[in-house]
Amino acid sequence: MATGRQLSFVLALLWLNALFTRAAASITNDGESILHSELGRQNNQSLLWGPYRPNLYFGVRPRIPQSLMTGLMWGKIETYNDFQHTIRYTCEQNEGMKGYGWEEYDPRRGGVQAIHDIQNGLDITTSFVKVPGGAHGGNWAARIKGKLTEDAPSNQKTIVVFYITQEGQDSELRALEGENENGYEGDVTLKGRSKLLGDYKLVITKGDGVQPKSDHDLSSIRGPGQTVVQSLSYPEEHIWQAKPILFKQFKEGVDWLVENKYDVGNAPPPWQVYQLDNRPGPGNVHIVQKIFEGDFQFEVLFSSESAGKEITSRDITREIKETTESFGEQFSSVFAPKAPFNADKFKRFGRSMFSNLIGGIGYFYGESVVDRSSASEYDEENENFWEEAAEARARNQQAFEGPYELFTSVPSRPFFPRGFLWDEGFHLLPIADWDIDLTLEIIKSWFNLMDDDGWIAREQILGAEARSKVPPEFQVQYPHYANPPTLFLVIDTFLSKLLKTNGTLPAAREHLSQDESLATASLDNPEVGVEHLRRLYPFLQRQFDWFRNTQRGDIKSYDREAYSSREAYRWRGRTVTHCLTSGLDDYPRPQPPHPGELHVDLMSWVGAMAKTLINVGDALGLAEDVEGYKKTLDAIEHNLDDLHWSEREGCYCDATVDDFEEHMLVCHKGYVSLFPFLTGLLKPDSPRLGKLLRLIGDEDELWSEHGLRSLSKSDELAGTGENYWRSPVWVNINYLVIVQLYNLAKQDGPHKETARDLYSRLRKNVVDTVYKSWEETGFAWEQYNPDTGKGQRTQHFTGWTSLVVKIMAMEDLQAPGKGQGKAEL
């Protein structure tokens with residue numbers, strides 16, 4: 001007999017099929033429904049502008065190529081050598097920061113960022129707001145506020161630069177002259193236009209704060225107490241290099257001082273040495289420089305002519321207040337922490353973590369470096385294939401492709417300010433709870449990078465600015481390299497949300513009502529959501545087929561006994577020490593690498609893809625497709641046991657062949673051992689579950705007070721070599737385990753109580769670990785030490801570490817009156 005849950009699911013699918021039929025009847029000649037088209041236009045307007053340069057501490061641009069771009073620079077200037085060491089522009093690791101990031105942020109409205117620059121003795125606040133209107137994304141504004149720390153001299157001087165560029169041969173940007181040829185006593189105004197932005201005006205206000213004075217002879221030429229502008233023209237391929245361009249202008253000014261005998265005996269004060277000459281005019285680079293003594297504040301006002309009304313300082317104050325209130329209300333609704341995380345400190349922590357995840361969204365545009373030589377060595381069919389592949393890579397047959405564009409959430413602003421395919425799926429799980437239509441925009445952006453075969457480069461390094469952060473040996477992308485297809489997890493999330501809107505069919509319409517939110521428009525208008533699925537489905541199929549064709553493992557050549565002779569998989573791109581394509585880099589694999597290897601994590605990912613395609617195919621009424629994917633999934637589920645289960649070790653393992661070319665399991669207990677469980681491929685009554693739960697809860701294996709170790713404590717390779725995935729705690733995998741434990745704990749069965757206990761304790765351990773390190777250092781971290789809980793490796797890693805926001809919002813299943821005791825397994 002069908003359960004109530006099963007019946008509800010069937011009814012929801014029938015409802016979606018009805019929606020699909022109706023949506024198909026409302027398609028226009030170009031294949032797009034009227035409402036879908038209108039929502040697309042409104043989303044483009046709502047999301048056009050943002051701090052989409054996450055590699056900078058603060059940089060605003062639209063998500064279009066050939067555009068206006070801005071960036072903030074600052075540094076103290078107390079001595080002649082200060083500024084070259086104290087200048088801040090690009091986010092960097094270990095740059096004298098106590099912490100920095102968004103305290104609240106919504107991509108559709110704006111937010112507030114705090115930067116604690118202890119080396120400069122300065123706290124910077126950047127507030128960013130948007131006001132909709134017109135045809136070019138409306139107006140936006142930023143308020144830049146600097147406050148000296150208590151230990152800084154009250155008269156400390158700070159140089160602040162707002163760097164502005166405009167790309168495009170058909171574009172114009174001019175800084176209007178001020179009332180004084182040596183500088184501006186009041187606001188600075190720039191007027192520009194471009195094909196995609198239309199006409200616009202940019203105003204940098206005079207602001208508040210003391211601008212230092214000087215009675216030095218140089219003051220007759222370089223006006224103290226004034227804002228100065230230098231307008232320059234550079235080849236477009238160079239204009240992103242703000243710091244070199246700025247220091248070139250500084251050098252020009254210093255050289256002039258030396259030539260004109262302003263020697264040591266008659267040297268101007270340091271801040272005046274670094275004051276630029278005022279030379280406003282046309283150009284594609286504009287340096288707006290202010291020098292302050294003590295605290296300061298000024299604003300940047302962008303007004304689009306098509307908006308009709310210019311934005312003002314009063315608008316900023318109002319919008320910041322409304323944005324703060326709106327963010328607080330939505331965060332409490334979406335991510336309210338549940339016990340035992342009810343304290344205000346966890347709410348503050350959660351707001352920061354999520355704001356920095358969603359505030360790390362960026363827009364990237366440029367060429368990618370790809371090797372499409374299709375060298376035979378890349379098939380990796382021979383023994384010692386990794387050496388042959390290295391020789392093929394050394395032939396340097398890569399070439400530039402594109403330009404391409406990508407809208408993405410980055411893992412870490414200082415260290416990984418670019419798109420990573422397997423990171424993105426984890427990033428989007430919390431973002432989907434906040435703004436599903438923004439999530440769909442990012443997914444579409446990724447799938448637009450897919451080639452005709454179904455390949456997406458695992459790392460998107462688009463343009464010279466992005467490449468400047470990546471060593472040359474890691475820039476080239478290879479079309480036979482895969483990466484975990486985590487975007488499928490997000491598609492499942494979207495479909496689940498769409499099914500939950502199950503109800504009476506809404507009336508067909510062509511426009512969004514005024515009180516509806518764009519953030520949930522695809523759920524509030526389910527026929528639009530169904531159309532998104534219809535458009536995404538071919539991309540999902542193509543990528544699934546690419547995985548099955550290019551990452552196939554060999555069963556037949558080694559007479560392996562398995563339910564299916566087809567379903568086995570092997571990551572391409574392996575070396576002796578690494579399997580970067582798996583995402584688990586240095587996690588131990590069979591040695592030496594062999595073309596007969598099989599990888600259990602990869603088969604699990606392909607199974608998860610098949611599950612998603614079944615779910616989407618069901619929603620779209622594609623019965624024939626669904627039957628095919630069900631057969632594939634059934635074969636994968638059987639082969640996981642036949643090819644990868646070790647009864648002796650009590651876990652799933654990678655496989656290879658021995659000296660006699662016989663099938664052999666190689667077991668390194670850790671994250672890889674859990675993949676069939678954490679991708680949801682094991683049924684609640686699976687006979688394998690008990691041993692996997694025992695592995696999870698064993699303190700001599702994976703369990704630690706700070707989360708699950710990536711590699712068992714008892715493994716001989718634990719903590720060795722690079723020790724990247726060889727013991728540290730990673731939040732993304734812990735999250736997947738927590739979700740599956742929760743699902744198991746909510747169903748009747750032999751493992752319900754064990755799963756409930758493990759879920760409650762693991763949930764608490766992971767959140768406490770990330771919180772304590774954040775409180776201590778001001779940063780989220782890439783990974784955590786399983787023995788001490790200290791954050792380590794990359795700082796400001798607010799990508800998948802931000803999954804703690806979802807973990808805190810999950811249901812508390814701790815039994816009343818029970819402590820956090822050890823589970824009885």
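This is a predicted model: local features need pLDDT of at least 70, side-chain atom pairs count only at pLDDT 80 or more; totals for chains, interfaces and linings use all residues.
Let me begin with the cysteines. A search through the whole structure turns up one disulfide, and the partners are Cys653 and Cys667, whose sulfur atoms sit 2.0 Å apart. The two cysteines belong to distant parts of the chain, 14 residues apart, with Cys653 in the loop between strand E20 (651-652) and strand E21 (654-657), and Cys667 in the loop between strand E22 (663-666) and helix H17 (675-678). As for handedness, the torsion about the S-S bond is about 95°, so the disulfide of Cys653 and Cys667 is right-handed.

Cys651 is buried, with a relative accessible area of 0%. For Cys579 the closest cysteine sulfur is again in Cys653, but at 16 Å, which is too far for a bond, and Cys579 is likewise buried, at 1% relative accessibility.

I now turn to the salt bridges, of which the structure holds 53; I will go through a few of them. In one of these, Glu104 pairs with Arg351, and the closest N and O atoms are 3.1 Å apart. Glu104 lies in strand E4 (residues 97-106) and Arg351 in helix H7 (residues 344-358), so this pair ties together parts of the chain that are 247 residues apart in sequence. Glu104 is buried, with a relative accessible area of 7%, while Arg351 is partly exposed at 24%.

A further salt bridge joins the side chains of Lys201 and Glu310, at 2.9 Å from N to O. Here Lys201 lies in strand E11 (residues 198-204), and Glu310 in the loop between strand E14 (285-304) and helix H6 (313-335), so the parts tied together are 109 residues apart in sequence. Glu310 counts as partly exposed, at 43% relative accessibility.

Arg395 and Glu377 also form a salt bridge, with the closest N and O atoms 3.2 Å apart. This pair, too, links distant parts of the chain, 18 residues apart: Arg395 is in the loop between helix H8 (385-394) and strand E16 (399-409), and Glu377 in the loop between strand E15 (361-370) and H8. Arg395 is partly exposed, at 41% relative accessibility, and Glu377 is buried, at 18%. Apart from these pairs, Arg109, Asp315, Arg318, Glu319 and Glu322 are linked in a network of salt bridges.

Which acidic residues gather in a patch of negative charge on the surface? They are Glu383, Asp559, Glu561, Asp642, Glu661 and Glu662. Within this group, Asp642 lies in helix H16 (residues 623-644) and is partly exposed, with 38% relative accessibility. Asp685 is 215 residues from Val470 in sequence, and the C-alpha atoms of the two are 47 Å apart in space.

Finally, some points on the backbone. A cis peptide bond joins Ala339 and Pro340, with omega at about 5°, and Pro340 is in the loop between H6 and H7. Gly402 and Pro403 are also joined by a cis peptide bond, with omega at about 10°, and here the proline, Pro403, lies in strand E16.

Asn396 has a positive phi of about 50°; Asn396 lies in the loop between H8 and E16 and counts as exposed at 51% relative accessibility.

Note on methods
Residues are numbered from 1 along each chain as its sequence is written. Side-chain values use heavy atoms; hydrogens and water are left out. A disulfide is a pair of cysteine sulfur atoms within 2.5 Å. Helices (H or I, at least four residues) and strands (E, at least two) are DSSP runs, numbered from the N terminus. Buried means under 20% relative accessible area, exposed over 50%, partly exposed in between (1.4 Å probe, protein chains only). Patches are made of residues with over 30% relative accessible area and no salt bridge: like charges are joined within 9 Å, nonpolar side chains (Val, Leu, Ile, Met, Phe, Trp, Tyr) within 5 Å. Accessible areas come from the Shrake-Rupley method with a 1.4 Å probe; for residues, only the protein chains shown count as cover. A salt bridge is a side-chain nitrogen of Lys or Arg within 4 Å of a carboxyl oxygen of Asp or Glu. Lys and Arg count as positive and Asp and Glu as negative; His and the chain ends are not counted. The place of a charge is taken as NZ of Lys, CZ of Arg, CG of Asp or CD of Glu.
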